[in-house]
Amino acid sequence: MKLTDYELKRLENIRRNDEMMAALKLHSRATQLSNFKRQRVEAKSTRVKLEKKPKTETPIVIRVRRSLRTRGIPPDFEGLDGDSVAPTAPSKEDPPSVVSLGPLSMANARESAHSDSSFIESLMGMAQDGNVPKGDVGGSLELKSLSLDPENIARVVSGRITNVSFFPSSSVNMIAAGNKFGNIGFWNMGESEVHLYRPHNAPISGILIQPHCCSKIYTSCYDGVLRLMDAEKEIFDLVFESDEKIYALSQPPNDTNCLYLAEGSGGLTIWDNRVGKRSSHWDLHDSRINTIDFNCQNPHIVATSSSDATACTWDLRYTNRKDLTALRTFTHKRSVQSAYFSPSGSSLATTSLDNTIGIHSGVNLEDTALISHFNQTGRWLSTFRAKWGWDDKYLFIGNMNRGVDVVSAVQRKIVMTLESPHMSAIPCRFDINCYEVGMLVGATSGGQLYVWTSR
């Protein structure tokens, strides 16, 4: 049979391709590859399946509870204010170093660049004129006369201010402010310099300036450390070290030997400086105590506010008892951030996260009025705490619009809001200068102090 031209051409191409493949030895390599694959399959099929070893039981690890301080680790600042706290936003600055325990010289604790010799001299030279404020406290204040001048604004620390206090002096308008990093900043109004120290590792929970000796200042913080700043000795001395956090610090007006600490989850501790140890301790609340305040007319009566949604008054004349019974309990729906007696001691003001301010008056504080006020500062600001003015008429508290609400205890409502174009942040914590009627300081979570004065 004769092949066609197409078939002849096809056979020629096949022959030429075979010659080319033979020259490249592709047939032998394909055979080798096929044999290699066959060997792998046979080896896999004859592989002996190893028996799995039983998992060993997980060992039981007994963890010994140790505080961050004993391990040399900075505290985490959890539970700074209110019900929860978010971590601080990252900073370009290096994290603060750990402050050592034991006595700490003011020179080693100083973080400001300039010398503190002038500051120490001013503390030592403060005149002590007694606890009598200037003027007629009962009726000298006109709310409309309060104003904020640019020269009365200063940034004294970095970050959130947790505690602020005027010095009890009629000769110098000096303010101390503590922040969440353990810094204490001192600002003498009218001066440009701020004297900054870091005696603690954690948020400052209390600043207690001794009324008859301004050169001695007690400070407490969340790492359970209580220190005494002694300007004469130029030292931050270690007074007390607790295994629990210290949330508040106070002192009765008639006893400079005893300090009252809010310790741990609802505990109240008396520290006696004369013997250098605890003299009493009670578990008063189911959660942390946020403030401790004494009645100036009856110093044996103390008020506590707590995150367990209550505020209570107590009679400390029965300190020999193992348990204290509350004289009165004031209940809110959420955490009570503060409970402060009025200057006359006849009223008590409470501030709660349930968006109310409670004013309790009467012989036994049985007359209660709740005033609506938005107290949800969020996770980045210190909580609001209504602060009494120079008499029983008014309370001052910050608002979320960068103003200061003035609450009338008589009318039981907000009667005025202090506002200023110079106010660029929300004031959260307040204090008054008891020697200068009309001088009010508001502290922010940005480290600023805004001082309102009466013209």
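# Briefing on a predicted model: burial, contacts and strand pairing

R412 is partly exposed, with a relative accessible area of 26%. A search of the whole structure finds ten salt bridges, and R412 takes part in one of them, with D367 as its partner.

**Salt bridges**

- Between R412 and D367, the closest N and O atoms are 3.5 Å apart. This pair links distant parts of the chain, since R412 lies in the loop between β25 (404-408) and β26 (413-418), whereas D367 belongs to strand β22 (residues 367-372), 45 residues apart from it.
- D367 also counts as partly exposed, at 38% relative accessibility.
- R278 and E263 meet through their side chains in a salt bridge with an N to O distance of 2.6 Å. Here too distant parts of the chain are linked, with R278 in strand β14 (residues 277-283) and E263 in strand β12 (residues 258-263), 15 residues apart.
- R317 and D315 form another salt bridge, in which the closest N and O atoms are 2.7 Å apart. R317 is exposed, with a relative accessible area of 55%, but D315 is buried, with a value of 8%.
- E12, R15, R16 and E19 are connected to one another in a network of salt bridges.

**The buried histidine H332**

- H332 is found in the loop between β18 (328-331) and β19 (336-341), and this residue is buried because its relative accessible area is 7%, where burial means under 20%.
- Leaving out residues up to four places away in sequence, H332 touches A309, T350, S352, D354, T356, G358 and L370.
- Two of these neighbours are also polar partners: the side chain of H332 is joined to that of T350 by a polar contact of 3.0 Å, and to the side chain of D354 by a polar contact of 3.2 Å.
- H332 and T310 are 22 residues apart along the chain, and their C-alpha atoms are separated by 6.0 Å.

**Nonpolar cores**

- The largest nonpolar core holds 43 residues, of which F119, L123, F167, F186, M229, Y260 and I292 touch the most other members.
- L123 is in contact with F167, M174, C214, S215, M229 and A231, when its neighbours within four places in sequence are left aside.
- In soluble globular proteins, nonpolar side chains tend to be buried together.

**The four-stranded sheet**

- Strands β15, β16, β17 and β18 form an open sheet in that order, with antiparallel pairing. Its edge strands are β15 (289-294) and β18, each of which pairs on one side only.
- On average, neighbouring strands of this sheet are turned by 15° against each other, with direction ignored.
- Strand β17 (residues 310-315) is joined to β18 in the antiparallel sense over four bridges, and T313 stands opposite R328 of β18.
- In general, the strands of a sheet pair through backbone hydrogen bonds, either parallel or antiparallel.

**Strand β29 and its partners**

- Strand β29 (residues 448-454) is largely enclosed by the rest of the structure, because six of its seven residues are buried.
- One partner of β29 is strand β2 (residues 146-155), which pairs with it in the antiparallel sense over six bridges; within this pairing, A154 has L449 as its bridge partner in β29.
- Another partner is strand β28 (residues 440-444), which runs antiparallel to β29 and is joined to it by four bridges, with V441 having V451 as its bridge partner in β29.
- β28 and β29 form a hairpin with three residues between them, and in the turn G447 has a positive phi of about 90°.

How values were computed. Residues are numbered from 1 along each chain as its sequence is written. This is a predicted model: local features need pLDDT of at least 70, side-chain atom pairs count only at pLDDT 80 or more; totals for chains, interfaces and linings use all residues. Side-chain values use heavy atoms; hydrogens and water are left out. Helices (H or I, at least four residues) and strands (E, at least two) are DSSP runs, numbered from the N terminus. Buried means under 20% relative accessible area, exposed over 50%, partly exposed in between (1.4 Å probe, protein chains only). Contact means heavy atoms within 4.5 Å. A polar contact is a pair of N or O atoms within 3.5 Å; within protein, one must be able to donate a hydrogen and the other to accept it, and residues adjacent in sequence count only if both atoms are side-chain atoms. A nonpolar core is a set of buried Ala, Val, Leu, Ile, Met, Phe, Trp, Tyr and Cys residues joined through side-chain atoms within 4.5 Å. Two strands pair if DSSP finds at least two bridges between them. Axes are lines fitted to C-alpha atoms, for helices over the stretch in contact, and angles run from 0 to 180 degrees between N-to-C directions. A salt bridge is a side-chain nitrogen of Lys or Arg within 4 Å of a carboxyl oxygen of Asp or Glu.
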